[in-house]
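Subject: Structure handover

Hi there,

Here is the structure I promised to pass on to you.

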Amino acid sequence: MKAGLGKGAASGLIVPVAILLAWQALAWRAGTPLFPGPWQVALSIWKLWPVIVGQIGYTLMRAFAGFVVAAVLMIPLGILLGRLKTVGRLVEPMMDMLATLPPPAVVPIVMLFAGTGDIAKIVIIAYAAAVPLIMNTYEASKGLHVMANQVARSLRLTRLETMLHIDLPASLPMIATGLRLAIASALLVSVTSEMLLATNGIGVFIQRQQENFQIAGGLAAIAFISVIGLIINNLVFQLEKRWLFWHYRSSESHSDG
Amino acid sequence: MDIVLKVDGLTKSYGRGADAVRVLGGISFEVEQGEFVSVVGPSGCGKTTLLFAIAGLHSLTSGSVRLKGQPVTAPPKGVAVVFQDYSRSLFPWKNSRDNVAFGMARIGGRSAADKRAKAEAMLEAVGLGGFGDKYPWQLSGGMQQRVAIARALASESELLLLDEPLAAVDAQTRSDMQDLLLDIAIRFRQTCLLVTHDVDEAVYMADRVVVLTRRPTTVDHEIRIGLGKKRDQIATRENPVFLKARHDVMTSIRNFRAGAPANALA
Ligand SMILES: Nc1ncnc2c1ncn2[C@@H]1O[C@H](COP(=O)(O)OP(=O)(O)OP(=O)(O)O)[C@@H](O)[C@H]1O
Ligand SMILES: [Mg+2]
């Protein structure tokens, strides 16, 4: 499979290149700035990149802040709730309910308490990132085998040591899934929150470009976000390979028999 | 001789009210310093329950467990456990060395480097020298259980509790590991309590065998195995003392099974 990867990547380019060409052809035929082709978008990127990078900075910073707040609060909370079975069962319905609530729906409530500034946006982002994190961490921690706890107790570990050295690493494969979803949510909601609570950031930039019929400029910004998303995704994947090798390797050796 | 462990009138029921099932019905026995004691009983009679109660991992319904005179209510200092299910008792994110060093987590006054060195020494003692960097999932079942034994040894316990540690390994590995455990018990002057349903293993390993009844489980009788500390897989198993003890224990166990209600046989 690995040997064919280079070839696979090359043949994977065929479809995107074909789409770009077709898009360009259609844009030429349309001949209006309201339907820019990839070439106009590229020109916009070249012209606008200092502005875009500056605006994306705000967006990423808030996304990061919201994500960190969510991770720092929700991972320990999820592990704790998974351990305290009775409390966990009590709050489970509430978690399910919050999980179905789309993050933009909380915007008016947050605005009441936190206005429309950075704090408000970070709160909304944190809320969006918190949902997949708490769900995945809680499920993982709840599902830990009793044996792990018995071993911990027989080694006379304290509660905190058990959570840190056993529950956390044992839950890490599922937490990683939660983290990946949380990152995607944080980015998405960071852009959305800017569009709803306009001040600065790439969301605002895109909106302004569209309002001024600068479609190519808006698309340039979107291209930037996609590339950043890809880079972050890859980074997370590398970290996972580093920290969770034992999980992938051990499940491999189990399925071998 | 010093008494390390004294179990007195231990009962244990699971569940409450009408659903309560009495598993242990009043168990009493003692373990002396340096002794290797086997507790043998039919499958499902509550061996793990008994061992967990002794380890402070389960609450008792009544009776008492004392370690060097101190009542056991929570996992006490000085007791190490080798669990029946080795695949779940080791941590896959730690290599063997760190798994063993983790056994010393609550032992104060040692640097991390000291613990690692001691872990290497314990791995060496169970015949896994040079396997410190391997992860549990890279080792065979028998090797994993040896890592678990090394971890238990590393904590320098007064009492080593073994819950059918060899039940899941193949026959050849099993007899090798019986000898390994015996060798370790002698070298470290380790007091050991082994629970097993395997009569041959119980007699082969022990200075004394405690024979359990069926549920609600009590002690039927004890026999001293007058074979000395050194055992040999061939000679010991042909020794008349071994054969007689084996005969005795087998007979008791068979009688319980014959008289057992259908659900206890399942
Ligand atoms: N937590 C529990 N709740 C209810 N019943 C239990 C519990 N743990 C064990 N039992 C029951 O108690 C009985 C004894 O279980 P235990 O595991 O101690 O037996 P064992 O002798 O170790 O069995 P094995 O030979 O299979 O290891 C079994 O019938 C089991 O179903
Ligand atoms: Mg058992």
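This is a predicted model: local features need pLDDT of at least 70, side-chain atom pairs count only at pLDDT 80 or more; totals for chains, interfaces and linings use all residues.

Residues are numbered from 1 along each chain as its sequence is written, chains are lettered from A and ligands numbered from 1 in the order in which they are written, and side-chain values use heavy atoms, with hydrogens and water left out.

**The ligands**

The magnesium ion (ligand 2) has Thr48(B), through OG1, and Gln84(B), through OE1, as its coordinating residues, at 1.9 to 2.5 Å. Donors here are N, O and S atoms within 2.8 Å of the metal (3.2 Å for Na, K and Ca), and sites may look incomplete because water is not among the atoms. Thr48(B) belongs to helix α1 (residues 47–54) of chain B, whereas Gln84(B) is in the loop between β6 (79–82) and α2 (86–89) of that chain, 36 residues apart. Helices (H or I, at least four residues) and strands (E, at least two) are DSSP runs, numbered from the N terminus. Thr48(B) counts as partly exposed because its relative accessibility is 26%, and Gln84(B) counts as partly exposed at 35%. For these classes, buried means under 20% relative accessible area, exposed over 50%, and partly exposed in between (1.4 Å probe, protein chains only).

On the backbone side, an N or O atom of Cys45(B) lies 3.3 Å from an oxygen atom of ligand 1, and a polar atom of Gly46(B) is 3.0 Å from an oxygen atom of the ligand.

**Backbone points to check**

Most residues other than glycine have a negative phi, and most peptide bonds are trans. Arg215(B) and Pro216(B) are joined by a cis peptide bond, with omega about -10°. Pro216(B) sits in the loop between β9 (208–212) and β10 (219–224) of chain B.

Arg156(A) is not a glycine, yet its phi is positive, near 60°. This residue is in the loop between α7 (146–154) and α8 of chain A, and is partly exposed, with a relative accessible area of 30%. Glu156(B), also not a glycine, has a positive phi of about 50°. The loop between α5 (141–154) and β7 (159–163) of chain B holds Glu156(B), which is partly exposed at 48% relative accessible area.

**Two buried residues**

Ile79(A), in helix α3 of chain A, is buried, with a relative accessible area of 3%. Its C-alpha atom is separated by 42 Å from that of Val51(A), 28 residues apart along the chain. Glu35(B) lies in the loop between β2 (21–32) and β3 (36–40) of chain B and is buried, at 6% relative accessible area. The C-alpha atoms of Glu35(B) and Asp207(B) are separated by 6.4 Å, with the two residues 172 apart along the chain.

Best wishes

Definitions and conventions: A polar contact is a pair of N or O atoms within 3.5 Å; within protein, one must be able to donate a hydrogen and the other to accept it, and residues adjacent in sequence count only if both atoms are side-chain atoms.
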